[in-house]
Amino acid sequence: IKWAQGKYFYAIASDDILMPFKTSLLVSEIEKLDDTYAAIFGDALMINQQSQQIVVDNEMRIFLAKDIKNIELGSTKNKYYKTFLEFFANKRNFDFDNTTNIIFVESADQAILIKQEIEFFNSNSNNFSVEVLLDDERLPYDNFLTQTNLLSQRFRILNLLLQNKINVLIVPILAAFQRFSPLNFLAANSFQYKVNDKFDLQSFNQQMQMANYSRVNQVVSVGEYAIRGSIVDIFPMGSNNPFRLDLFDDEIETIKIFDVETQRSIKNSNQKNQQNKQNIITEINLFPLNEFSLNADSCEIFLQQFANIFHEKDYKNSEIYQQISHLVNKKNSKSKVENDYNFFAGIQSYLPLFFENLNTATLFDYLQSNANKSINFIFTNRQNLQLQIKNFIADLDKRYNFLTVSGNKFLLSPEYLYL
């Protein structure tokens, strides 16, 4: 820009072709505008790999950037769109309101960047949901649990897909290969509580047990809940703080955030009104502690299916089989079991075994759960994505073969865990 000496600055990429009429057209259009407009952008010619022009239509489109952030689109016919996505939907013939659009990208960083760009250019649109579905950030068969914040985020996004509330979902391509909990598991173990909702303590207690939350006298850790008269405390998966539900008879009167150390509601010093100083919120969403349950029934299913798959080997001497058997015995004897998930190294590599008929779900199962919306698939770079998929499959097979040869006889083969 420091080299520019004229009234306007015009930039062009080194691999673009400057159309002779484009500069004069842009200048003539921007001269008609007042000083509140910061920039103007011309539409581009599309070419194939042989540098031959691909004709989409014959109309020249012009982007107008007003105050930088509010993008509009006009043409020589004075046709305007309020947001960039309105233009994109028009040009690509997409209906963002009645479709779910899946953008496959190469990495998590690229996914987050695209999300930020879409939200920036579409800041004028209300109730438009753009989400990123991240992968586990761990190698296949790694012996540690997926981070709770990643699991919580995944549950939230999959739950939104079930409710048909996502317009654009950006997915690093390898995340699309993972298998998730079946739809009925997430639906049965996800709960929402709102102020003024009816609240039944007995039903709530059953729901928390289904989601594998532990009932305690005082809540201090994630996955715990306490019931003390008309006060219910709960520390949900993925939350930085626990919540306190104050009941009035059989209704939720208020929901507040509280501190685990002081057990007092957290104050908000930014609020001037003394009556509103406590962090009072209107609703909370609760998701299961993990992608599977460790209740007695699920563990029995695990043991049976583990035996079916590894029946030709001495499966009863497997460490994971013995751990699950020990857990079943403790649960059947009514012994108290704490922090179940923490002492099973690599347990998430056995996800299908906790469900009947090895029933897991993929991203595409969640997408197809709602027939009211059509689905658009967008690929950022097909060639790079195809190479990434090819390398992932090859690396996955190598890792599985290496681990089994190294002495781990009880690994599920890749087809149980990935597409």
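Is Asp246 buried or exposed, and what is its relative accessible area? Asp246 is buried, with a relative accessible area of 15%, which falls under the 20% cut-off for a buried residue. The legends below describe close-up views of a predicted model.

**Figure 1. Overview of the chain in the predicted model.**
The chain has 419 residues, of which 42% count as buried. Its secondary structure comes to 11 helices and 17 strands. Among contacts with a separation of 6 or more, 63% are between residues 24 or more positions apart. The chain exposes about 24100 Å², and carbon and sulfur atoms supply 47% of that area.

Arg244 and Asp233 form a salt bridge in which the closest N and O atoms are 2.8 Å apart. Lys256 counts as buried because its relative accessible area is 13%, under the 20% limit.

**Figure 2. A salt-bridge network of Asp136, Arg138, Arg154 and Glu291.**
Salt bridges with shared partners join these residues into one network. The count for the model comes to 14 salt bridges.

**Figure 3. Gln178 and its surroundings.**
Gln178 sits in the loop between β8 (168–172) and α5 (183–188). With a relative accessibility of 7%, Gln178 counts as buried. Which side chain makes a polar contact with the side chain of Gln178? The partner is Asp136, at 3.0 Å. Leaving aside residues up to four places away in sequence, Gln178 touches Asp135, Asp136, Arg154, Ala361, Thr362, Leu417 and Tyr418. Two of these residues, Asp136 and Arg154, also belong to the salt-bridge network of the previous figure.

**Figure 4. The salt bridge between Lys32 and Glu29.**
The closest N and O atoms of Lys32 and Glu29 are 3.3 Å apart. Lys32 counts as exposed because its relative accessibility is 64%, over the 50% cut-off. Glu29, in contrast, is buried, with a relative accessible area of 13%.

**Figure 5. The N-terminal end of helix α7, with Ser293 and Asn295.**
Ser293 is in the loop between β16 (283–286) and α7. Its relative accessible area is 4%, so Ser293 is buried. A polar contact of 3.0 Å joins the side chain of Ser293 to that of Asn295. Asn295 caps the N-terminal end of α7, with a side-chain oxygen 3.3 Å from the backbone nitrogen of Asp297.

**Figure 6. Packing of helices α7 and α8.**
Helix α7 (residues 296–309) has 14 residues and spans 20 Å from its first C-alpha to its last, close to the 20 Å expected at 1.5 Å a residue. Ser298, Cys299, Ile301, Phe302, Leu303, Gln305, Phe306 and Ala307 are the buried residues of α7. These residues pack against α8 (319–332). The end C-alpha atoms of α8 are 20 Å apart, which agrees with the 20 Å that its 14 residues should span. In α8, the residues Ile320, Tyr321, Ile324, Ser325, Leu327 and Val328 are buried. They cover an arc of only 160° around the axis, which puts them on the same side of α8. An α-helix has 3.6 residues a turn, so residues three or four places apart point the same way. The cover over the buried residues of α8 includes α7.

**Figure 7. Helix α10 and the elements that its buried residues pack against.**
Helix α10 (residues 382–405) has 24 residues. From its first C-alpha to its last, α10 reaches 35 Å, close to the 34 Å expected at 1.5 Å a residue. Which residues of α10 are buried? They are Leu385, Phe392, Leu396 and Tyr400. These buried residues pack against β6 (99–105), β17 (374–379) and α11 (414–417). Gly407 follows α10 and has a positive phi, near 125°.

Notes: Residues numbered from 1 in each chain as written. Predicted model: local features only at pLDDT ≥ 70, side-chain atom pairs only at ≥ 80, totals over all residues. Heavy atoms only, no water. Helix = DSSP H or I, 4+ residues; strand = E, 2+ residues; numbered from the N terminus. Buried < 20%, exposed > 50% of the residue type's maximum accessible area, 1.4 Å probe, protein only. Contact = heavy atoms within 4.5 Å. Areas by Shrake-Rupley, 256 points an atom, 1.4 Å probe, with all protein chains shown as cover. Expected span 1.5 Å × (residues − 1). Polar contact = N/O pair within 3.5 Å; in protein donor to acceptor, adjacent residues only side chain to side chain. Salt bridge = Lys/Arg side-chain N within 4 Å of Asp/Glu carboxyl O. Arc of directions from axis to C-beta.
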